[in-house]
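Here are a few notes to read alongside the model, for someone opening it for the first time. Keep the viewer open and go through the points in order.

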Amino acid sequence: MSPRSLTWHRVILWTVLILFAIWFLTPLYVMIVTSLKDMDQIRGGSLLSLPTSLNFGSWNKAWDQACTGTDCGGLKPYFMNSVYMVVPAVAISTTIGCINGYVLSKWRFRGSEVMFAMLLFGVFMPMQVVLLPMSQVLGYFGIASSIVGLIVMHVLAGIPSTTLFFRNYYVGLPDELIKAAMLDGAGFWRILWRVVLPLSTPILVVTLIWQFTNIWNDFLYGVVFSGADSKPITVGLNNLANTTSSVKEYNVDMAAALIAALPTLFVYVVAGKYFVRGLTAGAVKG
Amino acid sequence: MGALTIANVRKTFGNVEILKGIDIDVQAGEFLILVGPSGCGKSTLLNMIAGLDAPSAGTISIGDRDVTWLPPKDRDIAMVFQSYALYPNMNVAQNIAFGLEMRKVPKAKRDEAVQRVAKMLQIVPLLGRKPGQLSGGQRQRVAMGRALARDPKLFLFDEPLSNLDAKLRVEMRAEIKLLHQRTKTTTVYVTHDQVEAMTLGDRIAVMKEGLVLQFGTPEDIYARPATRFVAEFIGSPAMNMIPAVRSATGAAANGMDLPLTAAQRESLQKNSAGKLTYGLRPEAAQLSADGVPGTLRFTEPTGPETYATVETAVGLLTLRVPGYLSTKVGEAVHVKWSAEATHLFDGESDKRIG
């Protein structure tokens, strides 16, 4: 870039951008520095100052000592619950969405459009509506108040959007590709595995990130459908922050919130560019 | 029994009849062209031969095997698509070998087939590339290679040249013809381009609105088009069509008697048609000193020849004149043709009279 283009409007543009970035990053900054301060410094009241000494005690406490209600085992069990819940729920809902999208775009049958329209309805339906009937269903199958129940719930709730993602992506794949594979002698699964899936990386990444953040951050199902030992991290964080002891330990609360947010932050940092790319990806160049 | 027999095939979508009873018989080794304007049902018919679509009625047989309801993979056919449909995630060699792999051909044999086909199509240096790194013509070759590798009973081409630029199209057309001469595989080729139809086909089926209007050799179709539509569709520039009526001696347009052969007069006697259409190919008429008088309206020089449009008493006539034309636009000319070169159609049913 020539120095000529570094004119006033560039300077203004950058100033505005930097100001906005600071504005949006300030809460994160406050959370991080507060989590590293000790209580004395926090009581000092200067919110934006750097910690006088690095103090990871609050992180330790938030992880395995802080009290959430009457238990004082920190966030660790909740974190692990979330991991056990998120991994299968994301994997299963993405797999089903992929197969659904493949069928609804490339193996259309009588009524498949109606089916897709009904699935779309599921994307827009407020999920509070299904809470009561769902709890009955989970109870009927004996998986209420368990991680398995939560997985089932998240899979069912996720299928409409994962199907929508894959279906719309696969509509952009040329039908002739499928026909060519059929003539080459490949069947339904082989075409999916050998031809369609290798072309699905962008939408796979989008769906995985989408489902991971949604399920990891979910509070509603977590609080409604979980039992005493199957509560996910969001519920754990809520309980931790709402458990009042003699003093409000802001540093521990901040550390706990950061722990709860770390996995989704991590996913965004690692795969965020694929996310943007996948959302904007059009037809595959053949 | 031919290599491919299509018997009374019909297709309806709801109330719309796409194919209205198609009968085509293809001999082994023959190159069949299905040609027609878009919407004539030619691609639907090809999809049925491929097994990607099923007819509402009728049967399709390959050899002496009824394949009407067989899935595509059991038909022993290969197809080249308009978009080539190469698998973008596989390289050229994998693309060519995919069909063999699906049929559980051992690796060594697959490699052998890839090499054989690649040599035949001169794409050996491309084997390691992905389709995205190939030009249009190269993709076209790979698509043909994929079809060739399996050595199928039947080749299907679905408008394979329509995505190429004009020069490449002519080159690939010649290559397809050469390939067919070498392999002698029975081929069905769909196109809307009458030049491709004429240059490639052993036999041509001209289709319109779900019907085969004429099925014959290129010479036959060019020399004796069965209907007015076929006459106008095949040949460029299109045949001149002169609206005519019966006269005491034969046919007349605008009060002027039109030359007819004895055979044409005889056929006309047996026919009851009141209105007639008199067809004259642009190369069948010449500018000359005598004949029908007219005025040169405009010219389209192409280099080797010039298309001259002349306004005459019987209407506008387009002529193919060799080389360049020295006559200026607006000058008076005469157009002459012989009765042998004319076509006579029923003006209402558009069927050939003679």
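1. Start with chain A and its contacts. Bear in mind that this is a predicted model. Of the contacts in chain A with a separation of 6 or more, 77% are between residues 24 or more positions apart. Buried residues come to 36% of the 286 in chain A.

2. What is chain A built from? If you like boxes, the C-alpha atoms of chain A fill one of roughly 75 × 70 × 30 Å along the principal axes.

3. How far does the predictor trust chain A? The average pLDDT is 89, and 94% of the residues score at least 70. Among the chain A helices, H4 (residues 76–106) has the highest confidence, with a mean of 96, while H13 (residues 250–280) has the lowest, with a mean of 84. Go carefully at residues 282–286 of chain A: pLDDT stays under 50 there, though the model still gives that stretch 13 contacts beyond four places in sequence.

4. Now look at where the two chains meet. Chain A puts 17 residues into the contact and chain B puts in 20. On the chain B side, the elements giving two or more residues are strand E6 (77–80) and helix H2 (92–102).

5. Chain B is assigned two domains: domain 1 covers 4–231 and domain 2 covers 237–346. Taken over C-alpha atoms, the centres of domain 1 and domain 2 of chain B are 38 Å apart.

6. E16 (residues 292–301) and E17 (residues 305–312) run antiparallel, paired over seven bridges; B:Leu296 has B:Val310 as its bridge partner in E17(B). Three residues separate E16(B) and E17(B) in their hairpin, and B:Gly303 in the turn has a positive phi of about 110°.

7. Carry on from there and E17(B) also pairs with E18 (residues 315–322) of chain B, again antiparallel, over eight bridges. B:Glu311 has its bridge partner, B:Leu316, in E18(B). E17(B) and E18(B) make a hairpin too, with two residues between them.

Methods: Residues numbered from 1 in each chain as written. Chains lettered and ligands numbered in written order. Predicted model: local features only at pLDDT ≥ 70, side-chain atom pairs only at ≥ 80, totals over all residues. Buried ≥ 20, exposed ≤ 12 C-beta atoms within 10 Å, placed from the backbone. Contact = placed C-beta atoms within 7 Å. Helix = DSSP H or I, 4+ residues; strand = E, 2+ residues; numbered from the N terminus. Domains from an automatic or database assignment. pLDDT = per-residue confidence, 0-100. Pairing = 2+ DSSP bridges.
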